[in-house]
Amino acid sequence: MDDEGNIVNTRQSSYTLPNGDRDTTPDTEFTVAPGQWPEACPEVWDSGEDNHCPPPIPQPQVYIRVVFLKIGEIDTMKEQFSADVFIQARWREPSLDHSTERNVDDVNWTERWNPKLLIQNVASDQKQSVWFDVQFNEGQAFVLEKRRLKGWFTENLELEAFPFDIQHLSLMITSDLSSKEVTLVEDDLELSSVNRLSFIDEQEWEMRNFVELLPQVTKREYSSAKHEFPSVLVRCCAFRRPGFFIWNILCVMCLISSLSFSTFSVDQTKPQNRLQLSFTLVLTGVAFKFVATQSLPKIPYLTYLDRYILISMCIMYFVCIWHAVITRFQFNDSLSRSMDFWAFVGLVGFFVCFQLFFIFTARVNSARRRMGVYDAEEKYRMKADELQGIDANKKRWKLVRGKTKFRVGVM
C-alpha cells in the first residue's frame, strides 16, 4: 500500500486491467485505488491463470461525527425528544486527489460514491439540509457530507427507576449499503459534542456533557437474512430531576398512608367508623395512583413510583382488614385491646421500615447508575484531551467548501 492508501502489487504473470487492456510485462507493479475493482471477483489471486483479479480491496470507512446543537422537550409519555442535530460523515475519495478549488466546485456529487446514510429513529416533522465539502491532507482528498436535521426522534425510555431515572437520547445512523460495502466508525479527528447551554427542558432534566458512539450491525425486515447493515448509535445522557415527583406525589402519598394509623384512635367497639375513615384514605390513594400513571407511558413493568404507591396502598389495605378482623375478638375486651395495640405497633414499624428501605435503595441504585455515567463522561474528557494534542497537525488540513448543496425541507 502506498502513501495515498492505494494497493500496490507486483506479479510476473499477465493479467487484465480494469479498462480491458492486457498487461503481459513480467514483474509488473500496478496500483489499485479503493473502489476501482468490482466487489465480487470470480478469479483467485494466486491461481496462476492469466485472467484474474487482485486481492480483495478493503471496504471504505466512513467517519461519523454528531453535534447536538439543540435538544428541546423530552416527552416521557410519547417516548420522544425534539432536537436540532448536525451530522458529518467523512470518507476517502482518491479521484479528487490533487484537485483545485475550482475543480471541486464543479463536482457532481450525485455521480460520486456515497455511503447512503439515513437516520433510523426519526419520528416526524423532519427538516433537513445536506451539503458537501472536501478536505485535503498532503494531496489526499476526503469528502465531507454535512447535514443539519431538525425534528422529533423516538427513544425507548427505560423507566424502571422513574422518577430517579437516567435516560440516553440517541440517534441511530445507518446505511443502505451492506456491512460488506462500508464500515461506519467514530471520527478520530473531530469530537462529537452536545450543546448544554441550548437545552430547553433544564427544569426537569440535567444534561451531561458527553456523547457516545457505539458501532452496531442491524438487519432489515425486508432484506435477506444474510445481509447485515452497519450502523452507529450516537447518544447523549440526561438525569431526571425528581424534585417535582418527590414533593407532589411521594411526600403526599406518605402523609395519606400515615393518616391510616389515626383510625386506631377510634374505639375498637366502633369498627364502622374505623372502616369508613380507612376506605376514604384508600380511595384517595387510588386517585394518586391515577395521577402517577398520567406521567408515564403504558409500560409492562413497575417503576419506583408505582411500587411506592402500591405498597402504601397495601399498608392501608392491611389497616382496613385489621379493623374488620378485630371485631371477631370483642368477646374478650382485654385480649382485643392488647391485640389492637400490637397490631398498631407492627403496622407502624413496617411503615417506618418501608420508608427507610425505599430511601436507601433509591439513593444507592441512583448513585450506582450515575457512577457509570460519570465513568463514560471521564472517558469522553480523556478523548477530548487526546484530540487537543493533535490540533497542531490538523492545521495542515485545507478546507475547500463545495458550492453544490442538496436541501430537503426548510430550516
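## Surface, pocket and salt bridges of a predicted model

Ile321 has a relative accessibility of 37% and therefore counts as partly exposed. The model described here is predicted. Ile321 belongs to helix H4, which covers residues 304-325. Together with Tyr317, Phe318 and Val325, Ile321 makes a nonpolar surface patch.

Two helices, H2 (243-259) and H5 (333-388), each supply at least two residues of the lining. H5 gives the most, with eight residues. By class, the lining of the second largest pocket holds 11 nonpolar residues, two polar residues and two charged residues.

Side chains of opposite charge can pair when their charged atoms come close. The whole structure contains 21 salt bridges. In one of them, the side chains of Asp188 and Arg90 meet at 3.2 Å, N to O. This pair links distant parts of the chain, 98 residues apart. Asp188 sits in the loop between strand E11 (183-186) and strand E12 (193-194). Arg90 sits in strand E6, residues 80-92. The two partners also have their own accessibility values. Asp188 counts as partly exposed because its relative accessibility is 43%. Arg90 has a relative accessible area of 3%, under the 20% limit, and so is buried.

A salt bridge also joins Arg307 and Glu160, with the closest N and O atoms 3.4 Å apart. Arg307 is partly exposed because its relative accessibility is 33%. Glu160 is partly exposed because its relative accessible area is 46%.

Arg235 and Glu212 form a further salt bridge through their side chains, at 2.9 Å from N to O. Arg235 lies in strand E14 and Glu212 in strand E13, residues 205-218. The pair links distant parts of the chain, 23 residues apart. Salt bridges also build a network. Its members are Glu206, Arg208, Glu377, Glu378 and Arg381.

Several backbone features stand in loops. The peptide bond from Phe162 to Pro163 is cis, with omega near 5°. Pro163 is located in the loop between E9 and E10.

Glu79 is not a glycine, yet its phi is positive, at about 55°. Glu79 occupies the loop between strand E5 (61-75) and E6. With a relative accessible area of 21%, Glu79 falls between the 20% and 50% limits and therefore counts as partly exposed. Lys116, likewise a residue other than glycine, has a positive phi near 55°. Lys116 is in the loop between helix H1 (101-105) and strand E7 (117-119). Its relative accessible area is 48%, so Lys116 is partly exposed.

Two further residue pairs were compared in sequence and in space. Arg241 is placed in the loop between strand E14 (229-240) and H2. Arg241 counts as partly exposed because its relative accessibility is 33%. Arg241 and Gln203 are 38 residues apart in sequence. Their C-alpha atoms are 7.5 Å apart in space. Ile64 belongs to strand E5. Ile64 is buried because its relative accessible area is 0%. Ile64 and Trp91 stand 27 residues apart in sequence and 9.2 Å apart in space, C-alpha to C-alpha.

Terms used
Residues numbered from 1 in each chain as written. Predicted model: local features only at pLDDT ≥ 70, side-chain atom pairs only at ≥ 80, totals over all residues. Heavy atoms only, no water. Patch = residues over 30% accessible without salt bridge, like charges linked within 9 Å, V, L, I, M, F, W, Y side chains within 5 Å. Areas by Shrake-Rupley, 256 points an atom, 1.4 Å probe, with all protein chains shown as cover. Salt bridge = Lys/Arg side-chain N within 4 Å of Asp/Glu carboxyl O. Helix = DSSP H or I, 4+ residues; strand = E, 2+ residues; numbered from the N terminus. Buried < 20%, exposed > 50% of the residue type's maximum accessible area, 1.4 Å probe, protein only. Nonpolar A, V, L, I, M, F, W, Y, C, P; charged D, E, K, R; others polar.
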